Amino acid sequence: LTVMGDARMEPTISPPDNAAQQDSLFSMTDVFLISLITGLFTYWFFFRKKKEEVPELPKIQSVAAPVRDSSFIEKMKKTGRNIVVFYGSQTGTAEEFANRLSKDAHRYGLRGMAADPEEYDLSDLSRLSEIDKSLAVFCMATYGEGDPTDNAQDFYDWLQEADADLSGLRFAVFGLGNKTYEHFNAMGKYVDKRLEELGAQRIFELGLGDDDGNLEEDFITWREQFWPAVCEHFGVEATGEESSIRQYELVVHTDVNMNKVYTGEMGRLKSYENQKPPFDAKNPFLAQVTENRKLNEGGERHLMHLELDISNSKIRYESGDHVAVYPANDSSLVNQIGEILGTDLDTIMSLNNLDEESNKKHPFPCPTSYRTALTYYLDITNPPRTNVLYELAQYATDASEQERLRKMASPVGKSSRVCPLCLQALYLSWVVEARRNILAILQDMASLRPPIDHLCELLPRLQARYYSIASSSKVHPNAIHICAVTVEYETKTGRLNKGVATNWLKNKVPDENGSSSLVPMYVRKSQFRLPFKPSTPVIMIGPGTGIAPFIGFIQERAWLKQQGKEVGETVIYPASRHEREDYLYREELARFHQEGVLTQLNVAFSRDQAEKVYVQHLLKNNKENIWKLVNEANAHIYVCGDARNMARDVQNTFYEIVAEFGNMSQPQAVDYVKKLMTKGRYSLDVWS
């Protein structure tokens, strides 16, 4: 702009010949200056206006509006509800429990609604007392290392910062966790404690469900005592037996435009045909499998390495992140369900919520076919929970089979001649321990033939499976690598059960057109991160497929070294059963070790000798070096793999090492390791 102004002024810079010309020149100069000032002011005005409009872009408002379109208080008043059950759910179980509790309410003359905290402003909890006999229940799952689930993150943040007066709020909490994890039920415990601190009144004790034991049993036990407490508090009584109340109505489409029928998409219709970023849980990216190779050379198991092409997806990831994939159920299982129920699986239908005010219009994307629902949307391989059995019992025409199903379900509020523990034992033995899925139950109960639409309403959603990413984006910016082992086992009934995702991935073989090798996926961020300074030493412990994130870590350390960075000691403790059969990434690890990227490679082969050798044994063998790295060099420790045994044994080994070389008592050593965790120097990526 300055240059343009200077250029325009050049023709006017000429010496005046006389007074008249001088007068003319001054007049022209005045005009020019006024024009210049006016032009600059006009430019500034419009520039300033644009700057002011930026925060008010319509796009921002259009995205935000549907998320919190109304207060849950107003919705409850409008629909006559007095119990709201919020759920923090990552895999769908907490949401399922919330729905069950909200349906229970009608038996006590109350009306409930399940609610996603992500969709509402939870500061409205202070207004819940405006509703007579009101109660807020929270079914809160804990994710990862004591973290809230994705949909409960905002609620968690609000609780931490809130100074609200919740003295009029009555509440109860049921937490969903796993005792094999360090921070068992951290989210449930925090919500329960924090609500009380803010003045809310707890009307029933905190329930702690343990998925390492039997989560369903824990929930039923808590639920059986919860409702009597509610009755006593509000002075109400059960109105009668539990009855089956349909939440959705079936609509069969005989004449429908197939372009408007869902064929497996998670959110937007035709999103798999017309892919648009950003990609997330509701909008996964279809990645093509470019490599699928078997990692092990022998043994009964199938360990595999897959590479997903994420070119042009704008997906970014860091070493240590997780990739989520949406699998599909085995078509033979789907066909068998259709045959048993005598259903045309290609019928196009919708299941529409009978509650018009509900934010959840359908249990899964509709309209769609029964085949699509059973293949992509519904979990048909896990043992069904007790509420499903109870609802299905009404369709068993044989009285003994109907009674058996009802007994296994152990419904709340039903007086039974058999003790609840016995009922739960029947469910545990016949369903859970025998690993009977819905197909097996239909096969073993000849008179049980429910309508397929009600079955689809009852079955939980098929969930995404998470895998630790086995690559570094610094080395592979356009690919995500997965390391997995196929799950396959024989049940007590002699049936062969197969893991949904791993067997589905096993068959994703690259081909020329790529049509049969597409995987719906997205990336979930993790706290499992390399140290900020490359010079910081790292100790990585990852038996079996737990090696996955460490392949990415090592790739990144190698890349950093190539960039001329100072890279600290890189120590790894992988493990396998037999060196000649299932030593994962043998060649890659040997190369990194030879190049000096890996300073120590300590592999445990558990079954190559009479006595089993695990990673914790090798840690003890190198305990002095381990202590030196941790205590003097501030090394970061990473553990990935089995939470139930390995992670616990490794942690106990570190307690021993710290106690011995740090001259500490056992409690002091435990405190030392806990502080490492708090500082982010002892990180876990484990599963049970």
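Mentor: Buried means under 20% relative accessible area, exposed means over 50%, and partly exposed is in between, with a 1.4 Å probe and protein chains only. The model is predicted, so local features need pLDDT of at least 70 and side-chain atom pairs count only at pLDDT 80 or more, while totals for chains, interfaces and linings use all residues. Residues are numbered from 1 along each chain as its sequence is written, and side-chain values use heavy atoms, with hydrogens and water left out.

Trainee: Why is Glu 660 called partly exposed?

Mentor: Glu 660 has a relative accessible area of 43%.

Trainee: What makes the pair Glu 660 and Lys 623 a salt bridge?

Mentor: The term requires a side-chain nitrogen of Lys or Arg within 4 Å of a carboxyl oxygen of Asp or Glu. For Glu 660 and Lys 623 the N to O value is 3.2 Å, so the pair qualifies. Glu 660 lies in helix H22 (residues 646–661) and Lys 623 in helix H21 (residues 623–631), so the bridge ties together parts that are 37 residues apart in sequence. Helices here are DSSP runs of H or I with at least four residues, strands are runs of E with at least two, and both are numbered from the N terminus.

Trainee: Why is Lys 623 called partly exposed?

Mentor: Its relative accessibility is 30%, which means that Lys 623 belongs to the in-between class.

Trainee: How do you know that Lys 360 forms a salt bridge with Glu 95?

Mentor: Their closest N and O atoms are 3.0 Å apart, and the limit is 4 Å. Lys 360 sits in the loop between strand S12 (348–353) and strand S13 (368–369), whereas Glu 95 is in helix H5 (residues 93–104), 265 residues apart. Lys 360 is partly exposed, at 32%.

Trainee: What makes Arg 202 and Glu 196 a salt bridge?

Mentor: The N to O value of 3.2 Å falls within the 4 Å limit. Arg 202 is partly exposed at 29%, and Glu 196 is partly exposed at 44%.

Trainee: How many salt bridges does this rule give?

Mentor: The count comes to 38. Glu 74, Lys 77, Asp 124, Arg 127 and Glu 130 are linked in a network of them.

Trainee: What share of the protein counts as buried?

Mentor: Of its 688 residues, 49% count as buried.
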